[in-house]
Amino acid sequence: MTKNTVAAGGESLLAKKRRARKINKVLGEFYPYAHPELDFRNPFELLVATVLSAQTTDVRVNQITPALFARYPGPREMAQAELPDLEAIIQPTGFFRAKARNLVALATRLVDEYDGKVPPSVEELITLAGVGRKTANVVLGNAFGIPGITVDTHFGRLARRFEWTTSDDPVVVEREVGELVERKEWTQLSHRVVFHGRRVCHSRKPACGACVVAHWCPSYGMGETDPVKAAKLLKYELAPGQEELREAYLAAVEDPAEIRMASQRALLAESAS
């Protein structure tokens with residue numbers, strides 16, 4: 001299916017739903033190990049890590065959260081944090097002063113109003129400092145098992161390239177994509193699309209010739225279509241020379257986070273040597 005094929009027929013809502021569900025299915029088969037790439041052990045840790053991930057990478061957040069949670073293991077400890085001490089730990093994530101204020105404020109609310117527990121609803125979560133719908137859906141989907149669509153920059157970009165939506169408004173994107181895919185699939189769809197955006201469908205140079213959903217993508221051709229050249233654009237476990245990492249992921253679909261963390265530790269050790 002090419003861009004002209006999709007556009008020429010004036011795709012119906014039913015056809016768009018079928019295409020969206022096919023893309024989700026194929027991405028699920030290709031990334032059976034898709035998972036949240038922030039390290040966490042409980043809802044509070046995921047909430048904090050997601051707040052910290054704004055304007056930085058998950059890898060950078062994962063580098064500082066072990067020290068952060070060793071110092072402040074829960075809302076009560078973080079609510080009592082001295083801002084300079086908290087800022088010093090989270091400084092590598094950027095915008096650390098604003099983030100530190102938000103973390104202390106949200107931890108204080110959790111202690112004062114929720115007995116130190118993270119509330120399991122979008123409506124309550126978005127009232128916390130530094131928490132928007134994206135963060136709320138990350139926490140609900142991955143810490144509570146409540147389906148949600150996480151619209152970050154990668155998801156929004158691919159949703160528009162797939163022509164699931166034309167909007168830049170995350171709330172609109174969430175609603176319109178949610179109408180195309182079954183609710184039970186929302187959380188995993190988010191992981192799969194974000195994985196694909198980080199590895200294949202890049203913002204500037206999408207690797208169209210190495211894309212497993214190219215056949216159903218209206219935007220096919222906006223990037224490199226030659227398979228050999230496109231393969232050189234792939235990242236992470238799909239990058240040339242990373243076949244063993246990809247195999248390790250495929251062999252550990254029940255616990256892919258362990259593989260990812262080991263890979264990140266190896267990269268850090270290599271860069272430090």
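**View A. Contacts of Thr135 in the predicted model**. Beyond its neighbours within four places in sequence, Thr135 is in contact with Leu47, Thr50, Val51 and Gly130. Thr135 belongs to helix α9, which covers residues 133-143. Its relative accessibility is 6%, so Thr135 counts as buried.

**View B. Thr135 and Tyr72.** In sequence, 63 residues separate Thr135 from Tyr72. In space, their C-alpha atoms are 20 Å apart.

**View C. Four cysteines annotated as a binding site.** The annotation comes from an unreviewed UniProt entry and covers Cys201, Cys208, Cys211 and Cys217. They are spread over 17 residues of sequence, yet they cluster in space. The largest C-alpha distance among them is 11.0 Å. Cys201, Cys208, Cys211 and Cys217 are included in the lining of the largest cavity.

**View D. Surroundings of Cys208.** Cys208 sits in the loop between α12 (186-199) and α13 (227-231). Cys208 counts as buried because its relative accessibility is 10%, under the 20% limit. Leaving out residues up to four places away in sequence, Cys208 touches Ala214, Tyr220, Gly221, Met222, Gly223, Glu224 and Thr225.

**View E. Surroundings of Cys211.** Cys211 is also placed in the loop between α12 and α13. The relative accessible area of Cys211 is 18%, so this residue is buried. With residues up to four places away in sequence left out, Cys211 touches His196 and Val200.

How values were computed:
Residues numbered from 1 in each chain as written. Predicted model: local features only at pLDDT ≥ 70, side-chain atom pairs only at ≥ 80, totals over all residues. Heavy atoms only, no water. UniProt positions renumbered as here; feature names shortened; annotations may be inferred. 1 Å grid on protein atoms, 1.4 Å probe; cavity = no way out; pocket = protein on both sides within 12 Å on 5 of 7 lines; lining within 4 Å. Helix = DSSP H or I, 4+ residues; strand = E, 2+ residues; numbered from the N terminus. Buried < 20%, exposed > 50% of the residue type's maximum accessible area, 1.4 Å probe, protein only. Contact = heavy atoms within 4.5 Å.
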